[in-house]
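Open the model in your viewer and keep the selection panel at hand. The tour goes from one selection to the next.

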Amino acid sequence: MNTHHISIDFSDLLSLSQKPPLYAEGTHVFWQDPHIAGHLLEAHLDPSIDSASKKPETIKKEVGFITKALGLTHTHSILDLGCGPGLYCEVFAGYCGHVTGVDFSTNSIDYAAVSAREKGLNITYACMNYLELSEQSAYDMACMINYDFGALGGEDMPVLLERVRRALKPGGTFVFDVFTPARPDPAPPAGWYVSEGGFWHPGPHLVLERRFAYPEDHARLAQYIVLTPAERRGYRIYDTMFSLEGITDLLARHGFTVAGIYADLRGTALSDDTETLGIFARKTG
């Protein structure tokens, strides 16, 4: 029988149990961890679940609607931000002349590059932080799909919008989706479990999960404290939700005008209780 000992600093845990300031960072970033990245890639590629990526049938419907709504053809170039293993890029490649995918995960980009090469697709991949995007007037459309925009910190949202605006050609469109305040919290506020090895760590570890709400800012935080025999790691995943008025105002302040808003990126009509928004924002000026 294996015995594992974890030294716990309770004063440290008490401090971590307090609600942090909105968008305060954790001690570690989960998508830069090689072990976690492997599990994320598995989740992306699992066609039976909507988690890291949407299901294949949803991806096809969304790409079909986006390309039809914008009239995208083989003469157009597009940029997929947070592309993961290239699932959207590969479908867009069937409609557009050239596709570029950007992601911070080496695992995902490596997988995507091999897949595109084997299928003979005109896709370029770059492993980088999209907040450091430097291209100018290069794309007809940029997209960020699966609610990644709301996961950005408050100071990163304007940076991302400025980078995207610069990368788009005159009149180019930024397509993305977000959650609205009508979305219910998907998980209980607190919990814990012990594992011999799993998503967060390959060996024995204890996970303390806590959720915090920031109702005045329409934001939520899922915090995971992972204790191993060797260290303590803190991961924080934020989710900012937007009203129709809120996202329209944010876009206007950063050089975009809303060209279309739907309940999702499949073109579903809006309703009063919609939990998601699919947004087409056109570059102005």
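Which residue follows helix 7, and what is its phi? Select glycine 255: this residue comes after helix 7 and has a positive phi, near 85°. Helices (H or I, at least four residues) and strands (E, at least two) are DSSP runs, numbered from the N terminus.

This is a predicted model, in which local features need pLDDT of at least 70 and side-chain atom pairs count only at pLDDT 80 or more, while totals for chains, interfaces and linings use all residues. Residues are numbered from 1 along each chain as its sequence is written, and side-chain values use heavy atoms, with hydrogens and water left out.

Next, select helix 7 itself, residues 244–253, where Ile247, Leu250 and Leu251 are buried (under 20% relative accessible area; exposed is over 50%, partly exposed in between, with a 1.4 Å probe and protein chains only). These residues cover an arc of only 95° around the axis, so they lie on the same side of helix 7; the arc is that of the directions from the helix axis to the C-beta atoms. Turn to the face away from the buried side to find the exposed residues Glu245, Ala252 and Arg253. The cover over the buried residues includes helix 6 (156–167), strand 5 (168–179), strand 10 (256–262) and strand 11 (276–283), where contact means heavy atoms within 4.5 Å.

Finally, go to lysine 68 in helix 3 (residues 56–70). Lysine 68 is exposed, at a relative accessible area of 72%.
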